[in-house]
Amino acid sequence: MTSTPHIKQARLPRAERRAQLLAAAHTVFAERGYHAAAMDDIAEAASVSKPVLYQHFPGKRELYLALLDSELTELQDRLTDAVRGTDDNAERVLATVRGYFDYMASESGSHRLVFSSDLANDPDVATRISAFESAIGAEIGKIIEAQAGLEPDAAELLGHALAGAAETAALRWVDEPSVPLEEAVMLVTRLAWRGIAWFPKDSSEA
């Protein structure tokens with residue numbers, strides 16, 4: 001009887017292998033959700049054996065949290081860069097709204113991992129999402145403070161309101177994209193900017 005030859009898996013640097021595994025996990029989790037995904041599926045998607053997968057991640061939950069950390073860091077960096085990339089406050093509001101909509105509209109399905117996860121009630125997941133939202137709200141709040149002349153706490157509250165409105169609208173849009181993407185971005189931007197621009201820099205202007 002002829003035995004099937006053993007094919008050795010290519011050895012990759014640890015960081016490169018980890019990135020490969022996270023990419024495979026992203027595909028599987030985005031398509032199936034956390035509970036329906038299995039480590040077998042992720043190993044197969046990455047073309048590695050399960051022992052290789054477990055060398056990097058002790059379990060499915062740890063793998064999901066690592067992927068969530070990566071996604072939140074990327075989105076936070078994207079939104080922060082958008083906010084800091086211009087001195088024009090109207091453009092900053094537009095960049096914030098567009099950042100959320102572009103993220104939700106991505107064919108990668110990343111938004112399902114972050115904002116529509118079937119593991120959303122897990123304390124570690126909730127803590128990560130809360131920290132992300134706090135950071136973005138604070139960043140936008142700094143801009144509103146300069147634009148509106150409000151106290152820092154009041155400006156940060158409005159920063160959270162703007163981020164929340166953009167996130168909620170973008171999630172709604174991705175589920176029911178009856179309005180073209182660019183039109184949806186501009187609608188939410190106009191609403192947000194007109195609200196922020198109402199606040200005067202000088203109280204004597206009120």
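This is a dialogue on reading features of a predicted model.

Trainee: How many helices and strands does the protein have?

Mentor: Helices (H or I, at least four residues) and strands (E, at least two) are DSSP runs, numbered from the N terminus. The protein has nine helices and zero strands. Along the sequence this gives the pattern α-α-α-α-α-α-α-α-α.

Trainee: What share of the residues of the protein counts as buried?

Mentor: Buried means under 20% relative accessible area, exposed over 50%, and partly exposed in between, with a 1.4 Å probe and protein chains only. Of the 206 residues, 40% count as buried.

Trainee: What share of the contacts comes from residues 24 or more positions apart?

Mentor: Contact means heavy atoms within 4.5 Å. Among contacts with a separation of 6 or more, residues 24 or more positions apart account for 68%.

Trainee: Which residues is Asn89 in contact with, leaving aside neighbours within four places in sequence?

Mentor: With those neighbours left out, Asn89 is in contact with Ile143, Gln147 and Trp193. Asn89 is found in helix H5 and counts as buried because its relative accessibility is 14%. Ala146 belongs to helix H7. The C-alpha atoms of Asn89 and Ala146 are separated by 9.2 Å, although the two are 57 residues apart along the chain. Ala146 is exposed, as its relative accessible area is 57%.

Trainee: Which helices each supply at least two residues of the lining of the largest cavity?

Mentor: On a 1 Å grid over the protein atoms alone, a cavity is a set of points where a 1.4 Å probe fits but cannot get out, and lining residues have an atom within 4 Å of a point. Grid points are joined across faces, edges and corners, and a volume is the space filled by probe spheres set on the points. The count comes to one cavity of 30 Å³ or more, and the largest cavity holds about 40 Å³ of space. Helix H5 (89-105) and helix H7 (123-148) each supply at least two residues of its lining.

Trainee: Which residues line the largest cavity?

Mentor: The lining is made of Arg92, Val93, Thr96, Ile140, Ile143, Ile144 and Leu162. For classes, Ala, Val, Leu, Ile, Met, Phe, Trp, Tyr, Cys and Pro count as nonpolar, Asp, Glu, Lys and Arg as charged, and the others, Gly among them, as polar. The lining has five nonpolar, one polar and one charged residues.

Trainee: How many salt bridges are there?

Mentor: Side chains of opposite charge can pair when their charged atoms come close. A salt bridge is a side-chain nitrogen of Lys or Arg within 4 Å of a carboxyl oxygen of Asp or Glu. By this rule there are 10 salt bridges. One of them joins Arg61 and Asp124, at 2.5 Å from N to O. This pair links distant parts of the chain, with Arg61 in helix H4 and Asp124 in helix H7, 63 residues apart. Arg61 is partly exposed at 27% relative accessibility, and Asp124 is partly exposed at 31%.

Trainee: Where else do such pairs occur, for instance for Asp41?

Mentor: Asp41 forms a salt bridge with Arg32, the closest N and O atoms being 2.8 Å apart. Arg32 counts as partly exposed because its relative accessibility is 43%. Glu176 pairs with Arg172, with the closest N and O atoms 3.4 Å apart. Salt bridges that share partners also join Arg61, Asp122 and Asp124 into one network.

Trainee: Is His56 buried or exposed?

Mentor: His56 counts as buried, because its relative accessibility is 12%. His56 has its place in helix H3 (residues 50-56). Leaving aside neighbours within four places in sequence, His56 is in contact with Arg14, Arg17, Arg18 and Leu21.

Note on methods:
Residues are numbered from 1 along each chain as its sequence is written. This is a predicted model: local features need pLDDT of at least 70, side-chain atom pairs count only at pLDDT 80 or more; totals for chains, interfaces and linings use all residues. Side-chain values use heavy atoms; hydrogens and water are left out. On a 1 Å grid over the protein atoms alone, a cavity is a set of points where a 1.4 Å probe fits but cannot get out, and a pocket is an open set with protein on both sides within 12 Å along at least five of seven lines; lining residues have an atom within 4 Å of a point.
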